[in-house]
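Subject: Structure handover and notes

Hello,

My notes follow below it.

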Amino acid sequence: MGEAPAFVVDDLKGNFTNGFHLKSKGYETSIDFGCNKTYVIGATENESKPTFGVRIFNKSTDEWVIPNVLGTKPEPSIGHSAIILDEERILVIKGNTSSDDSFWFLEVNTAFVREQKTRLGTEVVAWSKGVIGEAEKPIVISGPSGVGKGTLISKLMEEFPSTFGFSVSHTTRAPRNNEQNGVHYHYTERSVMEKDIEDGKFLEFAAVHGNLYGTSVEAVDVVADKGKRCVLDIDVQGARSVRASSLEAIFIFICPPSFEELEKRLRARGTETEEQIQKRLRNAKAELEQGKSPGLFDHILVNDNLETCYEKLKKLLGLTDGVKNTPKTVFHVPLEHTVSRIDQKILINCGVEEQEKSATNMFVLDFTSIKGGAPARTRGLRFYAVEPSINGTIGTQIPS
Ligand SMILES: Nc1nc2c(ncn2[C@@H]2O[C@H](COP(=O)(O)OP(=O)(O)O)[C@@H](O)[C@H]2O)c(=O)[nH]1
Ligand SMILES: Nc1ncnc2c1ncn2[C@@H]1O[C@H](COP(=O)(O)OP(=O)(O)O)[C@@H](O)[C@H]1O
């Protein structure tokens, strides 16, 4: 803290300002937040590969603070602009990028960030990628060991490989014979996983059957980045944590037709020792009880006949009439652009050169209905092109 950064505040003062207390210097952007903090967002000069670093200059103490940065940060770009959205977050717009990767929220004072500041006892900021429209909700599948969660999920992946993606959890348990690292789980040392949990890399985690299991923020982001809907196979404690998080999901609990049948399946699978089977069966009793907790699961499915259960799963996911692929309109946000704000909308002006290349040079980013946020994504952004009207206000919306 207070250590000399790669640049000094005075350097930033003489640079470009866009009317929002924003000054740019190469890859860096500085933005005044509240009365005594300046956030500097962008590449650091001493790194060969630029990254989206964040430093905070506290004007009242004249000190630099390097915060703990949580969430998946944006890939660096050669230019970006930033604007304060509210008392909680800064919107960072990456230039020379398509609109599905342009909008990032740097949370500086949201409930999540405040909670993490208390937990870690340090300054904290958190990145959350902005999603245009309503991203399809991830699907959380829970149920006792041996009930058939993995079997149902595999069937879903096989039938709809381009629609669904599996969230690969981390675990401290040893791989089974047929399991591959990075495919079924990321197999990890307990000490490493505990450190990553401490560093805020996990969306949720739980101790299950004597091992640690957890969903990293990255595991869910990787699936979303491929444009797929994420499926999480996690225990009831994990489902509870996700319910309490900013990740809005659909929660499905899978039940066995009877306890005897559950035991039969677990034994027939032949992957556990007798001791492990006993432990899983004991835990199953509690899990089956918790599965009924009011408000936790949206749907309960009994996996009696596999095909019947699978059909019911597809039905509740709206997959029986064929998957509807709504085409997404993606715009290019050029490197050179200016931003201005009208109420809950950001007007992005891309200049005359862009207008020569396409029909418009004006875009509106409407954040009236945003929801979610770090450690997951911020959904509900609306983004559209507009025809500028003669008097310079926002004109007609161009249908996408
Ligand atoms: N909370 C949480 N639970 C997980 C995660 N990954 C797997 N689990 C749960 O851990 C339990 C044990 O999983 P596993 O060892 O693969 O055994 P199986 O359920 O018998 O196939 C299951 O209830 C899983 O749903 C995770 O990332 N977080
Ligand atoms: N409906 C079903 N009827 C009979 N056996 C099933 C059914 N569903 C799954 N199984 C079998 O039960 C065992 C446990 O299923 P699995 O998918 O590994 O459970 P989980 O992932 O919930 O631990 C596997 O051998 C699987 O083939």
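Which side chain meets that of Lys37 in a salt bridge? The partner is Glu123, with N and O 3.2 Å apart. A salt bridge here is a side-chain nitrogen of Lys or Arg within 4 Å of a carboxyl oxygen of Asp or Glu. Lys37 lies in strand β4 (residues 37-42) and Glu123 in the loop between α2 and β12 (124-132), so the pair ties together parts that are 86 residues apart in sequence. Helices (H or I, at least four residues) and strands (E, at least two) are DSSP runs, numbered from the N terminus. The structure holds 35 salt bridges. Side chains of opposite charge can pair when their charged atoms come close.

First, the ground rules. This is a predicted model, in which local features need pLDDT of at least 70 and side-chain atom pairs count only at pLDDT 80 or more, while totals for chains, interfaces and linings use all residues. Residues are numbered from 1 along each chain as its sequence is written, chains are lettered from A and ligands numbered from 1 in the order in which they are written, and side-chain values use heavy atoms, with hydrogens and water left out.

Domains and their interface

The protein chain splits into domain 1 (7-132 + 330-397) and domain 2 (139-316). These bounds come from an automatic or database domain assignment. At the interface, 13 residues of domain 1 are in contact with 13 residues of domain 2. Contact means heavy atoms within 4.5 Å.

The two domains bury about 1,000 Å² between them, 42% of it on carbon and sulfur atoms. Buried area is the accessible area (1.4 Å probe) that two parts lose on being put together, summed over both. On the domain 1 side, Thr72, Pro375 and Arg377 lose the most area to domain 2, together 43% of what that side buries.

The rule finds five salt bridges across this interface. Asp225 also forms a salt bridge with Arg377, with the closest N and O atoms 2.9 Å apart.

Pro375 sits in the loop between β26 and β27 (378-388).

Ligands

Ligand 1 is surrounded by 20 residues, and the closest are Ser145, Arg173, Tyr185, Tyr213 and Asp233. A residue counts as near if one of its heavy atoms lies within 4 Å. A polar side-chain atom of Ser145 is 2.4 Å from an oxygen atom of ligand 1. For Arg176, a polar side-chain atom is 3.0 Å from an oxygen atom of ligand 1. Glu204 places a polar side-chain atom 2.7 Å from a nitrogen atom of ligand 1.

Ligand 2 has 14 residues around it, of which Gly146, Lys149, Thr151, Arg269 and Asn303 come nearest. A polar side-chain atom of Arg269 lies 2.8 Å from an oxygen atom of ligand 2. Gly148 has a backbone N or O atom 3.0 Å from an oxygen atom of ligand 2. Leu306 has one 3.3 Å from a nitrogen atom of ligand 2.

Two loop residues

His209 has phi near 45 degrees, a positive value in a residue other than glycine. His209 lies in the loop between β17 (202-208) and β18 (211-216).

Asp101 is in the loop between β10 (97-98) and β11 (103-107). Leaving aside neighbours within four places in sequence, Asp101 is in contact with Lys94 and Lys129. The side chains of Asp101 and Lys94 are joined by a polar contact of 2.9 Å.

Best wishes

Key
Polar contact = N/O pair within 3.5 Å; in protein donor to acceptor, adjacent residues only side chain to side chain.
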